[in-house]
Amino acid sequence: MANEFELDIVSLTAYLEANVDGFKGPLSAEKFAGGQSNPTYLIEAASGKYVLRRKPPGELLKSAHAVDREFRVMHALASTDVPVPKMRVLCDDDSVIGSMFYLMDFLDGRIMWDAALPGQTPAERTAIYDAMNKVLADLHSVDIEKAGLSDYGKPGNYFERQLSRWTTQYRASETETVPSMEKMMVWLSDNLPADDGLVCINHGDFRLDNMMFAHDSSEVLALLDWELSTLGHPYADLAYQCMQLRIPSDAAIPGLGGVDRELLGIPSEKAYVQQYCQRRGIAEIDNWVFYLAFSFFRLSAILQGVYKRALDGNASSKKAMDYGALAAPLADLGWALIETGE
């Protein structure tokens, strides 16, 4: 039975054969399971395997589901040390399959969904986290101008812009007063670091399960899911990932809080930050509590939006409700961090 996510195979085949070097049909398309906001498909053709990522069909918010930005940043990073899939084509002609899409090469690797890396040895876990750290340092070291991405985001103080944006978003989706969130928003505003001029490509959702690793080693084949990427501040990505070390392991979005990371071979937050600093030639990071607290605030605001949409029936799944219910506990963790300073 046809549905809105089915692809027009005839139209798609004709377009790809005309616009992608070496592409040859016939092709089949299978939508990946999961909650990607941009529907993603495995394309199997006579010429090989590919991945197609498209905007959802129908009316969308103007700035949402920007697959053209995803295509642009990964295409630009192809000549850098950041591992990305080979981009094949961006199609902005809605008549082909009903919405904008891009095609990239399929990579045969593994996604690590659990940050505790069950089934791996301590040495393997250490190597995987070290590889992830290197990818982050390499991303933040990319010459933006040389990559042609100097207009990929807005100028000015990144944290000031983000604080304003997510405060507005949070207020729009607020369902109850969360005292820790109120205090955290005031503190972040009062303790905003001066703009230090550091600008990099900011992934926006840098975490283990947005990477593909080789099947038999710690090599990162690709950093994926660039939907939230922009020009930003390097410490935003670093703190966002370190936040995961503090989120409880039994939360709806599980972290590594309470896990014996030393036993597992997973680095401490201090060691992970030191690795990053060594790779980037940085002596130390000032205002670290601010960057961490900001990460808790931002994720709490995002999850509050998920919760409100679930309550309104626009994201009515148990998972959306569970994610949304994490908004207040995350704010509590952020405020506790500010109060203790560690």
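Is Lys 146 buried or exposed? Select Lys 146: this residue is exposed, with a relative accessible area of 74%. Buried means under 20% relative accessible area, exposed over 50%, and partly exposed in between, with a 1.4 Å probe and protein chains only. Lys 146 sits in the loop between H3 and helix H4 (158–173). Helices (H or I, at least four residues) and strands (E, at least two) are DSSP runs, numbered from the N terminus.

Residues are numbered from 1 along each chain as its sequence is written. This is a predicted model, in which local features need pLDDT of at least 70 and side-chain atom pairs count only at pLDDT 80 or more, while totals for chains, interfaces and linings use all residues, and side-chain values use heavy atoms, with hydrogens and water left out.

**The whole protein**

The protein has 11 helices and nine strands. Along the principal axes, the C-alpha atoms fill a box of roughly 60 × 45 × 40 Å.

Now colour by burial: buried residues make up 49% of the 342 residues. Of the contacts with a separation of 6 or more, 68% are between residues 24 or more positions apart. Contact here means heavy atoms within 4.5 Å.

The accessible surface comes to about 16600 Å², and 50% of it belongs to carbon and sulfur atoms. These areas come from the Shrake-Rupley method with a 1.4 Å probe, and for residues only the protein chains shown count as cover.

**The nonpolar cores**

In soluble globular proteins, nonpolar side chains tend to be buried together. A nonpolar core is a set of buried Ala, Val, Leu, Ile, Met, Phe, Trp, Tyr and Cys residues joined through side-chain atoms within 4.5 Å. Select Leu 77, Met 181, Ile 201, Trp 226, Leu 238, Trp 288 and Phe 297: these have the most contacts inside the largest nonpolar core, which has 85 residues. Helix H9 (residues 288–311) gives the largest share of this core, 11 residues. A second, separate core has 18 residues, including Leu 12, Leu 16, Val 20 and Phe 23.

Go back to Trp 226. Leaving out residues up to four places away in sequence, Trp 226 touches Glu 70, Val 73, Met 74, Leu 77, Val 82, Val 84, Leu 139, Tyr 152, Ile 201 and His 203.

**Strand E2**

Next, select Ile 43 in strand E2 (residues 40–45). Ile 43 is buried, with a relative accessible area of 0%. Among the residues that Ile 43 touches, not counting those up to four places away in sequence, are Leu 7, Leu 12, Phe 23, Tyr 50 and Leu 103. Glu 30 is 13 residues from Ile 43 in sequence, and the two C-alpha atoms are 6.7 Å apart.

**Backbone exceptions**

Most residues other than glycine have a negative phi, and most peptide bonds are trans. Where does a cis bond occur? Select Gly 25 and Pro 26: the peptide bond from Gly 25 to Pro 26 is cis, with omega near 5°. Pro 26 belongs to the loop between helix H1 (9–19) and strand E1 (27–31).

Move to Leu 117, in the loop between strand E5 (101–105) and H3. Leu 117 has a positive phi of about 50° although it is not a glycine. At 2% relative accessibility, Leu 117 counts as buried.

Then select Asp 225, in the loop between strand E8 (220–223) and strand E9 (230–232). Its phi is near 60°, also a positive value in a residue other than glycine. Asp 225 counts as partly exposed, at 25% relative accessibility.

**Two last stops**

Which residues does Asn 210 contact, leaving aside its neighbours within four places in sequence? They are His 203, Asp 205, Ala 222, Leu 223, Leu 224 and Asp 225. Asn 210 lies in the loop between strand E6 (200–202) and strand E7 (211–213), and counts as buried at 7% relative accessibility.

Finish at Asp 138 in helix H3 (residues 122–140). Asp 138 is buried, with a relative accessible area of 17%. Apart from neighbours within four places in sequence, Asp 138 is in contact with Asp 81 and Val 82. The C-alpha atom of His 233, 95 residues away along the chain, is 14 Å from that of Asp 138.
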